[in-house]
Amino acid sequence: RLSIDITECRRMGIEVLPPNVNESYHEFAVILDEETKNASIRFGLDAIKNVGKGAVEEILSSRDSQRFIDLFDFAKRVNVRTVNRKNWESLIKSGAMDEFSDRGSLLASLDQILQIAQKRQKEVLSAQVDLFGASVDEATVDAMSFTIKTTATPIPSREQLKWERELLGLYLSDHPLKGYEAYLSEHCVPISEISQDDDTKSATIGGIINDIRVIQTKNGQQMAFIKIEDSAGEIEAIVFPGVYKDYSELVQRDQIVLIKGRVNATDKNGAITPDPKILVEEVSLVEDEARDYVRVGSKVTFGAKKRPYVKKYNQAEAVSDAPPRQDAKMYVRIDDTSKGELLVALKNQLEDRQGTTEVVLVMGSQKEKQAIRLPHKVTVDEETVRLISEIVGSGNVLVR
């Protein structure tokens, strides 16, 4: 929701700025530029992960009368017991201290500046420094010789954006998809437009994979649950074993991809849910050349025709080139009937491939198997067998 709101702000010409120790408050705040008189929205410090309200309160009270001049001034005035090292790291990585130096240099200087701050604050507590800070003690000497370490190799922009995604929940100062907007807008359905009303519809989406969880099924196969994000939304996509085997090299964190699949907005009991997912059928990389894409005015909608699938399958046992006999049936075997998502995916595919061939579901182990004739009838062709095989596993679909 926050990502959608920020995108709308930018569309309206309202700038949303990263958090800043000199300008942010607990929550989002309107900031007025004194020179241009333009208003913008500044991210709140409370929204930074690992920076609690106690640390934020200490920062705000310390700057109450005057802005922080530099990194040392911040360390001198803010209690390092309340704003600890972990808080500092999160403030730096989220961009809240960017005005003091670049993030890589600030992190490289962190140990030294914290040592100086701790020494000085210990001396203040033990009354070794007078009210005007006039004594030239060890901490003061350290401060006089302190300079921020300039890192030889700047932190890559992609790494800094990952920090923002982790600590703020979204990309803020920039976006990995910047430059790809024109290409994605004419090749994909915006993720924010996908709703429960689109259940079973085919869709092509595009964006960056920001999370992936790979699991092993009871059959020893791997499948994945991924989160893919475009500039205004995020959605979970399910990659079943057959598809994951073909595209595992592409299904990686931080890859910018196109995903073709089917919307699933039902739970394991078949009830409609408000959080639709994508059942993945194909994955392709968005190449760097897409940055130079020129709009042609086209737009992808739900139910767009699928690109022909180029991989060939050996289906000698499953289906022949000749049309099936009138009395032929499609047998679909499922060993484990507790997999709700698998059953929902199978139901959706059968409904989408309606035809004249009966479908028999064979369930359970070899000793306790039972056959159930389904109400669905399907069209038997290479595409149908491939899609169902990707759900239940190759070798578990037979037409005879």
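Start with the hairpin. S2 and S3 form one, with 6 residues between them. Lys37 sits in that turn and has a positive phi of about 65 degrees. Strands here are DSSP runs of E with at least two residues, helices are DSSP runs of H or I with at least four, and both are numbered from the N terminus. Two strands pair if DSSP finds at least two bridges between them.

A word on the source. This is a predicted model, where local features need pLDDT of at least 70, side-chain atom pairs count only at pLDDT 80 or more, and totals for chains, interfaces and linings use all residues. Residues are numbered from 1 along each chain as its sequence is written, and side-chain values use heavy atoms, with hydrogens and water left out.

Back to S2 and S3. They run antiparallel, joined by 4 bridges.

S1 pairs with S3 (residues 39-42) in the parallel sense, over 2 bridges. Val16 has Ile41 of S3 as its bridge partner. Leu17 has Arg42 of S3.

S3 also has two faces. Ser40 and Arg42 make up the covered face. Ala39 and Ile41 are on the uncovered one.

Next, backbone angles. Most residues other than glycine have a negative phi. Two residues are worth a look here. Asn50 has a positive phi, near 75 degrees. Asn50 lies in the loop between S3 and helix H2 (53-62). Thr200 has a positive phi too, near 80 degrees. Its loop runs between helix H8 (181-187) and strand S4 (202-216).

The cut-offs: buried is under 20% relative accessible area, exposed is over 50%, and partly exposed is in between, using a 1.4 Å probe and protein chains only.

On to S8 (272-285). S7 (residues 256-266) and S8 run antiparallel, with 9 bridges joining them. Arg262 has Leu279 of S8 as its bridge partner. S7 and S8 form a hairpin with 5 residues between them. In that turn, Gly270 has a positive phi of about 85 degrees.

S8 has another partner. S6 (residues 234-239) pairs with S8 in the parallel sense, over 2 bridges. There, Ala237 has Ile278 of S8 as its bridge partner.

Last item: charge. Which residues gather in a patch of negative charge on the surface? They are Glu287, Asp288, Glu289 and Asp292. Patch residues have over 30% relative accessible area and no salt bridge, and like charges are joined within 9 Å. A salt bridge puts a side-chain nitrogen of Lys or Arg within 4 Å of a carboxyl oxygen of Asp or Glu. Asp288 is in the loop between S8 and strand S9 (329-334). Asp288 counts as exposed because its relative accessibility is 53%.

Note on methods. Patch = residues over 30% accessible without salt bridge, like charges linked within 9 Å, V, L, I, M, F, W, Y side chains within 5 Å. Areas by Shrake-Rupley, 256 points an atom, 1.4 Å probe, with all protein chains shown as cover. Lys, Arg positive; Asp, Glu negative; His and termini not counted. Charge placed at Lys NZ, Arg CZ, Asp CG, Glu CD.
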